[in-house]
Amino acid sequence: MSEFQRLQRIKLKKRKVRKKRVFLWFVVPLFIILLSGAGYATFLMKKAESVLNKSYQPVKATSKREVKVNPDMDNISILLIGVDTSKSREKLYGDAVRSDALMVATLNQKEKSVKLLSIPRDSYVHIPGRKKNDKINHAHAYGGTKLTIETIQELLDIPIDYYVKMNFYAFIDVVDALGGIKVEVPYEISEKDSEDNHEAIHLKPGLQTLNGEEALALARTRHKDSDYMRGKRQQEILKAILQKAVSVQSITKHGKLIEAVGDNMTTNMSFSEMKSLMDYGLAGKGLSVDTINLAGSDEYINGIYYYKLDEESLEQTKSILKSHLTDSATATAEDDTESESDRPVSINEKINIE
């Protein structure tokens, strides 16, 4: 081989290395994927390890697993908890705050697929240890992360292997670190900001780029529709965050993303377990996320509003998630032959991560 050919081969190898996606951090408000070139990835990896070690907070919740899972080999579930904590609310409630957003993600290692379920915050459910049913978001106020995990496990009859809990500030900082996200605002909105200042955020309908405070207002509002639609909006916002986070333009912003999440997040995933999720990001276009929403109806009990879950919808959802966590064939939207308006479970189109 000539010297010229040898140099050309070295250049080609370096070019291929630069194109590889060699770093992933998969977490949320909800999941934030950080992908970049090899050199910058090393810097981010060390930064992420430092931040995540500070965020690590195990919880002694009752587990439905007999043996602890290994994310490198097993299908796993992650509970995503968004809590409505802010400086003003901490003064009033301390640690007894409600969850404002609840999502369950199941990850199938073989298929490299994710199912993301949004649970309406006012869902009328049984909370372990309580004498009567209550809103599911009250579980966090009664017993923090531990009771929230146990409530979700009982409701869905699946194990919750990991949790990721983030507050308002994490959400705002993530969106701002990305330079905003482009989403569709369905109608005119006047909403509180993160410090509960009334009508501080005003949005007109239409596709637009929102900053952190504006995106939070869109995620929280539900005055003109329902908890069900609110959950679907939160899924669309999460999709927008994912797409922006993996874009080439966002590579230089990943350091800020790590800081934004780390300062306002707790999780029982160790750094090594987090790294095990790298394969999902490396799947590229092969990674899909099916979003699922629970059907139900508005109901008032003793003058208090609740979202009464449809039993058939709940049973179908439990079946889908259980199947996804096992090696058996996964239930899909295509398996359901009912019309969109008749289907108790709503499985939206796949989100392809590109």
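The model on screen is a predicted one.

Now widen the selection to both helices, residues 212-220 for α6 and residues 227-245 for α7. Two packed helices are described by the angle between their axes and the distance between the axes. Here the axes come within 8 Å and cross at roughly 150 degrees. Angles over 145 degrees count as roughly antiparallel, and α6 and α7 are therefore roughly antiparallel to each other.

Next, go to strand β11, residues 265-267, and pick Thr267. Is Thr267 buried or exposed? Its relative accessible area is 0%, so Thr267 is buried. To see what surrounds this residue, show Ser55, Tyr56, Gln57, Tyr163 and Val164; Thr267 is in contact with these, leaving aside neighbours within four places in sequence. Then display Met269 as well: its backbone nitrogen lies 3.1 Å from a polar atom of the Thr267 side chain.

The last stop is helix α9, residues 271-275, where Lys275 is found. Lys275 has a relative accessible area of 37% and is therefore partly exposed. Select Glu49 together with Lys275 and draw a distance between their C-alpha atoms: the separation is 9.6 Å. Along the chain, Lys275 and Glu49 are 226 residues apart.

Terms used: Residues numbered from 1 in each chain as written. Predicted model: local features only at pLDDT ≥ 70, side-chain atom pairs only at ≥ 80, totals over all residues. Heavy atoms only, no water. Axes fitted to C-alpha atoms, helices over the stretch in contact; angles between N-to-C directions. Helix = DSSP H or I, 4+ residues; strand = E, 2+ residues; numbered from the N terminus. Parallel < 35°, antiparallel > 145°, perpendicular 65-115°, else oblique. Buried < 20%, exposed > 50% of the residue type's maximum accessible area, 1.4 Å probe, protein only. Polar contact = N/O pair within 3.5 Å; in protein donor to acceptor, adjacent residues only side chain to side chain. Contact = heavy atoms within 4.5 Å.
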